[in-house]
Amino acid sequence: MLLAFRVFWLTLFAAFAHFSDGLAYPTLALAALIGWQGWRPWWALPLIVIPAVYASDLYSHASGGGKLPGAMSNVFFQLGAFALLALIGFLVGWLVRRHGLRRAPKA
């Protein structure tokens, strides 16, 4: 249980680290659009896989103290980080669709 908790926090830190390099914004925005429009959730899969592969290549030479720099070059770890970002974006879009800003009715 402790290991799962540590992996979740490490994934959360990695997801927030992608705000500084700009990779988190497209995933969040497009996943929120998918949730807001009511499209199928699996349409967010390219939003998870493509940035995860790019980020693992971007951080392939990262070094430093702690576990996060070493984990950032692992594509499977990056898949978890971007899946978390896509899930957050999708849920925000779904909640806005359900409770707030609705689409204009079709004429």
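This section describes the nonpolar core and the aromatic ring pairs of a predicted model.

The largest nonpolar core comprises 23 residues, among which Phe82 and Leu85 touch the most other members. At least two residues of this core are supplied by each of helix 1 (2–21), helix 2 (24–37), helix 3 (45–58) and helix 5 (75–99). The greatest contribution comes from helix 5, which provides 7 residues. When residues up to four places away in sequence are not counted, the contacts of Phe82 are His18, Leu23, Thr27, Ile48, Pro51, Ala52 and Ala55.

Aromatic pairing was examined next. A pair of aromatic rings is described by the distance of the centres and the angle of the planes. The structure contains 6 such pairs. In the pair formed by Phe8 and Trp9, the ring centres are 5.9 Å apart and the planes meet at 70°; because this angle is over 60 degrees, the arrangement is classed as edge-to-face. Phe8 has a relative accessibility of 41% and therefore counts as partly exposed. Trp9, with a relative accessible area of 35%, is likewise partly exposed.

Through ring pairs, Phe5, Phe8, Trp9 and Phe13 are linked into a cluster.

Note on methods: Residues numbered from 1 in each chain as written. Predicted model: local features only at pLDDT ≥ 70, side-chain atom pairs only at ≥ 80, totals over all residues. Heavy atoms only, no water. Core = buried A, V, L, I, M, F, W, Y, C linked by side-chain atoms within 4.5 Å. Buried < 20%, exposed > 50% of the residue type's maximum accessible area, 1.4 Å probe, protein only. Helix = DSSP H or I, 4+ residues; strand = E, 2+ residues; numbered from the N terminus. Contact = heavy atoms within 4.5 Å. Phe/Tyr/Trp six-rings, centres within 6.5 Å; stacked < 30°, edge-to-face > 60°.
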